[in-house]
Structure formats: structure tokens, C-alpha cells
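Subject: Handover of a protein structure

Dear colleague,

Please find below the structure that I am handing over to you. My notes on what was found in it follow directly after.

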Amino acid sequence: MSLEYLFRNLIINFLFIRRSSCYYYCSHYYHKETLAIAYAGSIYPVGPMQEWDVPDDVQSRVVLPPKGRKPSGRPPKKRKPSQGEEIVHRKYGRCGGLGHNRLKCS
Ligand SMILES: [Zn+2]
């Protein structure tokens, strides 16, 4: 019995035979009303920028781009360990050597 067959029978059973709502079997988190309640008090549309009431201390601040530049390319493979952190050297099983794997083994 396939999963598709089970779902098809479930849908036919509840929608057409029992006439019950499929929403009964769905978590309330997925209901439209729950979504509306979740965002009811969170969204405050703002008017045009000229009408904004910006405090003087905020308006006087100068925001500059971050100093420095991100180095190009992929970051280095070996990172600096945190304070108290020990580096675990992996051992390649075939030769017993530390810090390499099959690709770099001689
Ligand atoms: Zn090796």
C-alpha cells in the first residue's frame, strides 16, 4: 500500500464521505487566522520620509561604511582556536599519520 494511496483514501473519506473539514487535522499554526494574529500588531506602515519625526541626536549621527576590507577569496582553512580550546589533530587510519587524509598521504 503506497503513501499516495493512503492520502487519497484519507482525503476522499473526510471530504466526501464524512463531510468533515480537512482543517481539523491540520495544526492551527498553519491556519490563515493564526498567521493574521501573529502579524496583527507588528506591522506599522510608515508615511513619506519627509513626515518622519526623527530625533536630533539620531539625525546628527554620521554612519560610515565599515573600516577595512574583506579579503577576497575563500577564507583560510585553519582557523585560530579560541582561548582554552585545543586543536584536535585527526589521524589518517591507513598510515597513522597526523593532519592529513587519503588525498595528501604519501
Ligand atoms: Zn599518510
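Of the 106 residues of the protein, 0% count as buried. A residue is called buried if 20 or more other C-beta atoms, placed from the backbone, lie within 10 Å of its own, exposed if 12 or fewer do, and partly exposed in between.

The model is a predicted one: local features need pLDDT of at least 70, side-chain atom pairs count only at pLDDT 80 or more, and totals for chains, interfaces and linings use all residues. Residues are numbered from 1 along each chain as its sequence is written.

On the overall form, the radius of gyration (taken over C-alpha atoms) is 30 Å. A compact globule of 106 residues would have a value near 13 Å, by the rule of 2.2 Å times the number of residues to the power 0.38. The C-alpha trace spans about 70 × 65 × 30 Å along its principal axes.

The protein has three helices and zero strands, in the order α-α-α along the sequence. Both are DSSP runs numbered from the N terminus: helices are H or I with at least four residues, strands E with at least two.

Gly84 lies in the segment after helix 3 (56-59). This residue counts as exposed because it has 5 C-beta neighbours inside 10 Å. Gly84 and Gly73 are 11 residues apart in sequence, and their C-alpha atoms are 29 Å apart in space.

The mean pLDDT (the predictor's confidence in each residue, from 0 to 100) is 83, and 91% of residues reach 70 or more.

Yours sincerely
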